[in-house]
Structures are given as structure tokens and as C-alpha cells.
Amino acid sequence: MPPDEEKVAPTSIDIFDQSLASEDVEIDPAANAFQYPPPPSESGNPYRVKLVRGQKGWMQYPGKNGKPGYLATDIECRIVAPDNEAIDGKPLFENFASTMVMQSTRTSRIAGILKAIYETRGQGETIPAHTSHLELSRKLQEEFDREAEVGVWIQWTGFCDVCSSPEKRVEVRGEKRFPPNADGTGHLSEMEHKPCGSIITAQARITRYIGLK
Ligand SMILES: [Zn+2]
């Protein structure tokens with residue numbers, strides 16, 4: 001954190017006190033302070049990204065009979081697009097990638113990410129069939145350390161906190177379901193959720209990781 005952003009206790013003041021000094025600031029009068037810029041467009045899929053471990057880092061979940069279970073981490077995926085200044089370096093966030101083996105696919109999200117990294121690197125590396133939660137996690141951490149590149153597909157996803165319940169999460173998925181922007185070049189990141197009237201904000205959710213040549 002830069003020193004000028006250090007948290008210090010605020011003081012209560014009289015803003016009409018003539019002896020007060022103030023710092024000048026520049027603002028954009030046309031900007032909307034209540035609307036976040038939209039996520040990168042789905043039309044740019046797949047995006048090439050560099051992987052870095054997220055802020056939360058590695059977490060271990062309890063397994064059966066008190067044994068250690070699967071491991072999970074968050075990931076920051078920084079877009080690599082040197083010819084597109086508007087998105088180059090912009091982060092996409094993966095909130096939860098784990099080594100839990102899903103019954104439907106008989107593999108894990110982290111194994112899938114490693115496979116896509118290895119395909120992108122093109123050096124013939126493969127993921128082991130017999131492995132452990134810890135081994136897979138360490139392999140992924142090595143890729144974070146070298147900022148490995150991989151392809152990702154994103155989907156705009158907005159979540160309605162009014163209509164959702166602990167049993168059912170109510171989401172709007174897909175950029176095309178959000179309203180077009182003024183000049184028709186893309187979509188706005190916010191929309192009214194018709195059933196309840198509250199505002200839904202789109203975030204770019206990473207749906208899958210793919211090998212890029
Ligand atoms: Zn709603």
C-alpha cells in the first residue's frame with residue numbers, strides 16, 4: 001500500500017473554518033460515480049491470461065473421518081493483450097478453484113487448469129492420474145510463481161441478492177442479456193432485475209480454462 005493511502009484516524013472538522021487547507025483533485029464531470037465499468041466483452045473469448053495466486057490463498061477443507069480434505073485457492077487472471085491497451089493487464093477473478101474430484105467429470109477444476117496450462121506451454125507435460133490434493137496444489141502454485149499463461153472463457157454473470165435464497169441463487173448469465181450501451185458497441189454492466197426491481201451488476205465469471213497455441 002502506498003504511504004499516502006495508509007489508514008489514519010479521521011478528525012471531525014468545521015468545513016467553513018477559513019484556516020483549513022485543502023488538496024486539489026481532478027474529476028471527470030461526465031463520469032457516473034455509481035456505475036462500474038463493464039467487464040471485458042464475451043466477444044473477446046478466449047482471453048489469454050497470466051495466472052497469479054489470489055489474495056485469500058490456499059485453504060484446506062475437512063475430509064471424511066477428520067482426515068485432511070481437498071484444497072482450494074482463488075486466482076487472479078491478468079489479461080495479456082499487448083495490442084489492446086484497454087484490457088491489457090486487467091484482472092479477471094476466479095473465486096474458488098479446488099482439487100475436489102467431481103463425480104460427473106472424475107477430475108477437478110485445478111487438474112483442468114493445469115491441463116490447459118500444459119497444453120498452452122506445449123512441452124508435452126501431463127497431469128498424473130494418481131496424485132494427491134497436495135501434489136496438485138503444489139503444481140498449480142509453481143505455475144503461479146512463474147505466471148504461466150493459459151486461455152480462459154468468460155461469461156457475464158449478475159447475481160440478485162434480493163431474489164436469491166440460501167437454497168437457490170438467482171443469476172442472470174450472458175452479456176447479451178444486459179442492455180446495449182449508448183453507441184451500440186457493447187453492453188452496460190448494470191440492469192434492473194424485472195421480478196424485484198433491484199439492480200444487478202455483471203461480473204466476468206470464468207467458465208473454463210483452455211489450452212492456447
Ligand atoms: Zn431480483
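**Figure 1. Contacts of Val49 in the predicted model.** Leaving aside neighbours within four places in sequence, Val49 is in contact with Cys77, Arg78, Ile79, Val80, Leu92, Glu149, Val150 and Val152. Two residues are in contact if their C-beta atoms, placed from the backbone, lie within 7 Å. The structure is a predicted model, in which local features need pLDDT of at least 70 and side-chain atom pairs count only at pLDDT 80 or more, while totals for chains, interfaces and linings use all residues. Residues are numbered from 1 along each chain as its sequence is written.

**Figure 2. Strand 1 and its two pairing partners.** Strand 1 covers residues 47–53 and strand 5 covers residues 149–159; the two pair in the antiparallel sense over four bridges. Helices (H or I, at least four residues) and strands (E, at least two) are DSSP runs, numbered from the N terminus. Two strands pair if DSSP finds at least two bridges between them. Within this pairing, Tyr47 stands opposite Val152 of strand 5. Strand 1 also pairs with strand 3 (residues 68–79), again in the antiparallel sense, over five bridges. Here Val49 stands opposite Ile79 of strand 3.

**Figure 3. The peptide bond before Pro46.** Asn45 and Pro46 are joined by a cis peptide bond, with omega about -10 degrees. Pro46 belongs to the segment before strand 1. Most peptide bonds are trans.

**Figure 4. The largest nonpolar core.** This core has 28 residues, and those with the most contacts inside it are Val49, Leu92, Ile113, Val150 and Val152. Strand 1, strand 3, strand 4, helix 1, helix 2 (133–145), strand 5 and strand 8 (199–210) each supply at least two of its residues. Helix 1 gives the most, with six residues. A nonpolar core is a set of buried Ala, Val, Leu, Ile, Met, Phe, Trp, Tyr and Cys residues joined through C-beta atoms within 7 Å. A residue is buried if 20 or more other C-beta atoms lie within 10 Å of its own, exposed if 12 or fewer, and partly exposed in between, with C-beta atoms placed from the backbone.

Figure 5. Ile75 is found in strand 3. Is this residue, Ile75, buried or exposed? Ile75 counts as buried because it has 25 C-beta neighbours inside 10 Å. Not counting residues up to four places away in sequence, Ile75 touches Leu51, Arg53, Gly54, Glu94 and Ala97. Ile75 and Asn95 are 20 residues apart along the chain, and their C-alpha atoms are separated by 6.6 Å.

**Figure 6. The two sides of helix 2.** Helix 2 has 13 residues, which at 1.5 Å a residue should span 18 Å; its end C-alpha atoms are 18 Å apart, which agrees. The expected span is 1.5 Å times one less than the number of residues. The buried residues of this helix are His133, Leu136, Ser137, Leu140 and Glu143. Seen down the axis, they fall within an arc of 115 degrees, so they line one face of helix 2. The arc is that of the directions from the helix axis to the C-beta atoms. These buried residues pack against strand 1, strand 3 and helix 1. On the other side of helix 2, Arg138, Glu142 and Asp145 are exposed. Just after the helix, Glu147 takes a positive phi of about 50 degrees.

**Figure 7. Two loop residues with positive phi.** Most residues other than glycine have a negative phi. Asn65 is not a glycine, yet has a positive phi of about 55 degrees. Asn65 lies in the loop between strand 2 (59–62) and strand 3, and is exposed because 5 other C-beta atoms lie within 10 Å. Arg106, also a residue other than glycine, has a positive phi near 60 degrees. Arg106 lies in the loop between strand 4 (91–98) and helix 1 (109–121). With 8 C-beta neighbours inside 10 Å, Arg106 counts as exposed.

**Figure 8. The setting of the close-up views in the whole protein.** The protein has two helices and eight strands, and from the N terminus on its elements run β-β-β-β-α-α-β-β-β-β. Buried residues make up 20% of the 213 residues. Among contacts with a separation of 6 or more, 62% join residues 24 or more positions apart.
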